[in-house]
Amino acid sequence: MASSSLIFFTIIFSMWLLISSSESTEHFVGDSTRLWKVPLPSEEALFNWASTHHFTIGDTIVFKYSRKFESVFEVSERDYRRCITKGSRRKEFHGGNSRVVLDKLGARYFVSGRRTHCLQGLKLAIVVMPPSAPPSLSISPPSLTISPPSLTLPLALPASLLLSPSPSPSPSPSPSPSPSPNSSGSKGGGANERGFMVWLGVSMVMTMLLI
C-alpha cells in the first residue's frame, strides 16, 4: 500500500515538473530589440520594466545588445549598487544575445560592463519566485466517533409500586378547645354589664347638668 502511494505521488510530481517547464517564459529585457544600451528612455526604465514582470524558476531572460559597445555582468547586490564589475561573484556575457536561465530562487543582479553606462541606469535587478505549488495529496485519517452510552429511562413504574397503596399520614390529634373566660357564671357577667351601663348613663346626665 505504501509503495503504490509513493509511485502515485512520484507520477503527480513528475507531471507537475513537466507542466512547469513547459510554461516557462522568455523575458526580453525591456520588451524591445536591443534595449540594453544607452541612452535609456529614463533612468528608471529597466526598474519599471522589471516591476511589471513575474519571474519564476525555469524562466529565461534575454539581453539583446551590440557586442561592440555593450556587455552584461551578473554581480552581487553590493556591486550592483556601486556599478562594479570586478567582484569575485560575477558572470560575464559578451555575445550580443545573452540568455540567462533563472535556475535559483532569490534576487539576481545585472549591470552593464561599462561603469558609466551602469551609472546612467543600464542595470537590472529581478526577484525569482517559485512556480505555483503542485496539487497537494491530502490523506485524511479515518474519523473516530465515540458516542456516550445511551441511558434508557423506564416509561412506567413497576406494577408492584403501582399496586401497593401509599401510606397515609396519621391524623394529628386536634387540640381541645380552651374554655372562654365567661364560660362559667354567665348570669353574674350579665348583671355586671347592666350595672356598668346604668352608672355610665347617670355620669353623663350629671355632667350635662353641671355644664
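Trainee: What is the handedness of the link of C83 and C118?

Mentor: Left-handed, with -75 degrees about the S-S bond. Note that this is a predicted model: local features need pLDDT of at least 70, side-chain atom pairs count only at pLDDT 80 or more, and totals for chains, interfaces and linings use all residues. Residues are numbered from 1 along each chain as its sequence is written, and side-chain values use heavy atoms, with hydrogens and water left out.

Trainee: Why is the link between C83 and C118 called a disulfide?

Mentor: The term needs two cysteine sulfur atoms within 2.5 Å. Here S to S is 2.1 Å, so the pair meets the definition. The structure holds one disulfide.

Trainee: What does the pair C83 and C118 tie together?

Mentor: C83 sits in the loop between α3 (77-82) and β5 (91-93), and C118 in helix α4 (residues 115-119), so parts 35 residues apart in sequence are tied together. Those labels are DSSP runs numbered from the N terminus: helices are H or I with at least four residues, strands E with at least two.

Trainee: How do you know whether C83 is buried or exposed?

Mentor: Compare relative accessible area with the cut-offs: buried is under 20%, exposed over 50%, partly exposed in between (1.4 Å probe, protein chains only). C83 has 2%, so it counts as buried. C118 has 1%, so it is buried too.

Trainee: Which core do C83 and C118 belong to?

Mentor: Start with the largest nonpolar core, of 20 residues. A nonpolar core is a set of buried Ala, Val, Leu, Ile, Met, Phe, Trp, Tyr and Cys residues joined through side-chain atoms within 4.5 Å. In the largest one, W36, I61, F63, F110, L124 and I126 touch the most other members. Apart from it lies another core, of seven residues, among them F73, Y80, C83 and C118.

Trainee: What makes E74 and R108 a salt bridge?

Mentor: The test is a side-chain nitrogen of Lys or Arg within 4 Å of a carboxyl oxygen of Asp or Glu. For E74 and R108, N to O is 2.5 Å, so the pair passes. E74 lies in strand β4 and R108 in strand β7, so parts 34 residues apart in sequence are joined.

Trainee: How accessible are E74 and R108?

Mentor: E74 is at 8% relative accessibility and counts as buried. R108 is at 3% and is also buried.

Trainee: Which other salt bridges are there?

Mentor: The whole structure has five. One of them joins R81 to E77, closest N and O atoms 3.0 Å apart. These two are four residues apart in helix α3, so about one helical turn separates them. R81 is exposed at 60%, and E77 is partly exposed at 36%. The side chains of E92 and R90 form a salt bridge as well, at 3.4 Å, N to O. Salt bridges that share partners also join E74, D103 and R108 into one network.

Trainee: What makes β4 a partner of β5 and of β7?

Mentor: Two strands pair if DSSP finds at least two bridges between them. β4 (residues 72-75) has three bridges to β5 and four to β7 (residues 106-112), so both qualify. Both pairings run antiparallel. E74 has K91 as its bridge partner in β5 and F110 in β7.

Trainee: How do you know that both faces of β4 are covered?

Mentor: V72 and E74 on one side, and F73 and V75 on the other, are all buried.
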